[in-house]
Amino acid sequence: MIPTIISQCLMLLIFLIIGFLCIRKNWIHKNHISSLSNLLTNIVLPSAILTSFNVNIADYDFKFFVTIIFISLFLVAFPFVLSKLLVFFTTMDIALKKVWVGCCTYSNILFIGIPIIGTLYGEQGLFILVIYNTISNLFLFTLGIKLYKNNVSFKSVGLSLLSPALLASFLGILLLILGVTLPKTLANALNELGNMTAPLSMIITGALFGLVNIKRFIVSKNIYFFCFVRLIVIPGLVFIILNAFITNKLILGVMVLSSGMPAGATNTSLATIYSDKGPETSQYVVMSSILCIITLPMLMYILML
């Protein structure tokens with residue numbers, strides 16, 4: 001199990017390195033990153049979201065479904081509130097505080113989560129993960145956009161409910177409830193597009209990381225503190241809280257492991273599209289993706305005790 005986690009994290013780091021080399025060799029120009037981010041958020045990610053609903057809902061009862069929804073809401077709200085409290089006591093400028101909160105709240109649920117959770121917990125684990133990812137996306141593409149974009153009204157946030165990612169989520173839920181399957185050719189096409197999500201998102205992140213000052217990045221105490229909160233404090237507190245109420249080891253394992261994922265690469269795309277903090281956001285994603293090679297196996301080991 002632990003080798004699976006390490007292997008998946010190392011694969012993401014390879015994609016990061018490719019993006020870093022592309023920007024440094026001018027194979028990707030920095031002016032292209034915004035277009036790649038739009039491709040990711042409007043085409044590739046929605047495809048991955050839609051295909052992730054390929055599970056059988058008949059195997060689960062209503063109580064199980066409601067339990068997962070409430071825990072998912074908690075896993076979005078808890079990091080948000082905690083990170084807001086922590087940045088309140090820092091001297092960071094407002095824009096960087098927003099990046100800190102966004103990266104702390106919206107983790108790499110889908111890209112790392114599906115292969116790891118699928119291997120460790122099977123189809124039931126994936127069903128739990130899909131629900132959690134849907135709840136997280138609902139907030140990411142509404143309040144998350146409001147967080148990254150300055151001077152945005154709640155009216156425009158409401159319009160973001162029509163974003164391709166959320167439309168894919170709503171369509172996936174509808175197909176899941178109705179028990180409808182997509183035509184094989186279309187399903188295969190969407191699956192192939194969805195498989196591009198992890199490589200493309202991490203290549204974009206690596207390219208943005210290539211624009212930052214590496215020396216300042218390595219010695220940044222703020223980034224290490226972020227990783228400590230994102231990878232250790234949050235999953236640790238989530239484990240303590242959920243362990244007191246949840247007796248189902250499957251739910252506990254999936255949710256705690258999901259809460260320990262690194263900052264989501266989608267944050268870099270949103271920061272690139274809606275603000276000028278893409279390179280700064282990439283630093284949090286890169287460092288947490290590197291360090292999760294150590295923290296995720298430790299978390300898995302604790303869950304196995």
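1. The lining of the largest cavity has no charged residues: by class, seven are nonpolar and eight are polar. Here Ala, Val, Leu, Ile, Met, Phe, Trp, Tyr, Cys and Pro count as nonpolar, Asp, Glu, Lys and Arg as charged, and the others, Gly among them, as polar. Of the 15 lining residues, S107, N133, N137, L140 and T266 lie nearest the centre of this cavity. Helix 5 and helix 14 (266–274) are the elements that give two or more residues to the lining, and helix 5 gives the most, with seven. The space in the largest cavity is about 140 Å³, and the count comes to one cavity of 30 Å³ or more.

2. A word on provenance and terms, before you read on. This is a predicted model, in which local features need pLDDT of at least 70 and side-chain atom pairs count only at pLDDT 80 or more, while totals for chains, interfaces and linings use all residues. Residues are numbered from 1 along each chain as its sequence is written, and side-chain values use heavy atoms, with hydrogens and water left out. Helices (H or I, at least four residues) and strands (E, at least two) are DSSP runs, numbered from the N terminus. On a 1 Å grid over the protein atoms alone, a cavity is a set of points where a 1.4 Å probe fits but cannot get out, and a pocket is an open set with protein on both sides within 12 Å along at least five of seven lines; lining residues have an atom within 4 Å of a point. Grid points are joined across faces, edges and corners, and a volume is the space filled by probe spheres set on the points.

3. Now to the open spaces. The largest pocket has a volume of about 440 Å³. T51, I114, P115, N191 and N195 are the closest to its centre among the 21 residues that line this pocket. Helix 1, helix 2, helix 5, helix 9 (184–194) and helix 10 (197–209) are the elements that give two or more residues to the lining, with the largest share, seven residues, coming from helix 5. The lining divides into twelve nonpolar, eight polar and one charged.

4. The second largest pocket holds about 380 Å³ of space. Its lining has 18 residues, and F53, N54, V180, T181 and L182 are the closest to the centre. At least two residues each come from helix 2, helix 8 (164–178) and helix 9; helix 9 gives the most, with four. By class this lining has ten nonpolar, eight polar and no charged residues.

5. Leaving aside neighbours within four places in sequence, Y121 is in contact (heavy atoms within 4.5 Å) with L250, G253, V254, L257, M300 and L303.

6. Two local spots deserve a look. N26, in the loop between helix 1 (2–24) and helix 2 (33–51), has a positive phi of about 65 degrees although it is not a glycine. N26 counts as exposed because its relative accessibility is 62%; buried means under 20% relative accessible area, exposed over 50%, and partly exposed in between (1.4 Å probe, protein chains only). P279 is in helix 15 (residues 278–304) and touches L208, L211 and V212, not counting residues up to four places away in sequence. P279 and G210 are 69 residues apart in sequence and 8.0 Å apart in space, C-alpha to C-alpha.
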